[in-house]
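Thank you all for making the time this morning. I would like to take you through one protein, beginning with the overall picture and then moving to a few individual residues.

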Amino acid sequence: SMALKNHPSLPSETIDRVQSIAKELNYAPDPVLSALVAHRNAMRSSKSFSAIGLVSNWAHPEEWTRLESAQEILRGIEDRAAELGYSIQRYCTHSDETQWARVGNVMKTRGIRGLILAPLEHNDDKFEIDCDSFSIVTIGTPAKYPYFHHVTQNQFANVQLCWEKLRQRGYRRVGLVVREELANRWSHQWEAAHNYERSQYGSIDDEVPTLYLKNDDPLTRLREWMRKEKPDAVICRCNRFFEAASLEGICIPEDIGYLSLNVSDDAPEASGIDQHR
């Protein structure tokens, strides 16, 4: 029925095949039966069991989707849902328990049984929806809900891959620069992998202290760190590194090697990890 109506949730190949077979069989819908179905549907409450809820709790709903990496996630969600015959309905709420309850009731009323939880604005935020009423998958691993099924990058392996590529090119004095909030969100897997690799292949003379950046003045701190520590390569998860290097008269990659832990949100010329979001 959906294929005969050219429903957008179905692959075009499926629609073409079903309509071709219907044509061969000289199939035509029964108008009386169609009218009965329409009447029956109008008389009962509408429930959308083919919809999945995408829930975020950001105070400004557009904030978490402004980065290119978030847009990649959304495209992946919508494309995969369409392949399986689902649509995505977005819901935004704050951490207020009353708002969570209202959104949860709306979704249950609409027949939604599957939820995708967007990255929480603060990783230790609470998820105040009746979890027993839904099947839930999270993007990332919220601190209070590690038991939910989740989709996330292997942060530890990403840093190991960076080190492998840097060693192949002869770099030894490798520094790590991360935003403190992101390091906390990912349970310090970047630093753990970095310290392990450094212990295996570096020396005491080559050790560069990890730079943690807060929301103060990253440009100044980046410049001071480069001037003092003089790394020959950097594994980075922050903004404005290219700008800071330029102000110090340092050229990438001629003077310093650079690997980003997320090229989607970094400078266009950055090399590094494509997280395949």
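What follows is a short tour of this model, from the whole chain down to single residues.

Before the details, please keep in mind that this is a predicted model, in which local features need pLDDT of at least 70 and side-chain atom pairs count only at pLDDT 80 or more, while totals for chains, interfaces and linings use all residues. Residues are numbered from 1 along each chain as its sequence is written, and side-chain values use heavy atoms, with hydrogens and water left out.

Let me start with the whole protein. It contains nine helices and nine strands, where helices (H or I, at least four residues) and strands (E, at least two) are DSSP runs numbered from the N terminus. The radius of gyration is 25 Å, well over the 19 Å that the globule rule gives for 277 residues, so the protein is more spread out than a compact globule; the radius is taken over C-alpha atoms, and the rule is 2.2 Å times the number of residues to the power 0.38. Along the principal axes, the C-alpha atoms fill a box of roughly 85 × 50 × 35 Å.

Of the 277 residues, 38% are buried, and here buried means under 20% relative accessible area, exposed means over 50%, and partly exposed is in between, with a 1.4 Å probe and protein chains only. If we take the contacts with a separation of 6 or more, 57% of them are between residues 24 or more positions apart, a contact being heavy atoms within 4.5 Å. As for charge, there are 33 positive and 40 negative side chains, and the centres of the two sets lie 5 Å apart; Lys and Arg count as positive and Asp and Glu as negative, with His and the chain ends not counted, and each charge is placed at NZ of Lys, CZ of Arg, CG of Asp or CD of Glu.

Now to the aromatic residues. A search of the whole structure finds eight aromatic pairs, using rings of Phe, Tyr and Trp (its six-membered ring) whose centres lie within 6.5 Å, with planes under 30 degrees apart called stacked, over 60 edge-to-face and the rest tilted. One of these pairs is Phe-127 with Phe-148, which is edge-to-face, at 6.0 Å centre to centre and 85 degrees between the planes. This pair links distant parts of the chain, 21 residues apart, since Phe-127 sits in the loop between strand S3 (114-117) and strand S4 (135-139) and Phe-148 in the loop between S4 and strand S5 (149-151). Both of these phenylalanines are buried. Phe-148 also pairs with Tyr-145, and because the ring centres are 5.4 Å apart with the planes at 5 degrees, that pair is stacked. Tyr-145 is buried as well, and Trp-100, Phe-127, Tyr-145, Tyr-147 and Phe-148 form one aromatic cluster.

What does Phe-241 touch, not counting residues up to four places away in sequence? Its contacts are Leu-222, Trp-225, Met-226, Val-234, Cys-236, Ile-252, Ile-256 and Tyr-258. Phe-241 belongs to helix H9 (residues 241-247), and its relative accessibility of 1% means that it counts as buried. One of those contacts, Ile-252, is joined to Pro-253 by a cis peptide bond with omega of about 5 degrees, and Pro-253 is found in the loop between H9 and strand S9 (257-260).

Two other buried helix residues deserve a look. Cys-162, in helix H5 (residues 155-168), is buried at 3% relative accessibility and, leaving aside neighbours within four places in sequence, is in contact with Ile-235, Leu-259, Leu-261 and Ile-273. Glu-229, in helix H8 (residues 218-229), counts as buried at 12% relative accessibility, and with the neighbours within four places again left aside, Glu-229 is in contact with Arg-173, Val-208 and Pro-209.

I will finish with backbone angles. Asn-6, in the segment before helix H1 (12-24), has a positive phi of about 55 degrees although it is not a glycine, and Asn-6 is partly exposed at 48% relative accessible area. His-276, in the segment after S9, also has a positive phi, near 50 degrees, and His-276 is exposed, with a relative accessible area of 70%.
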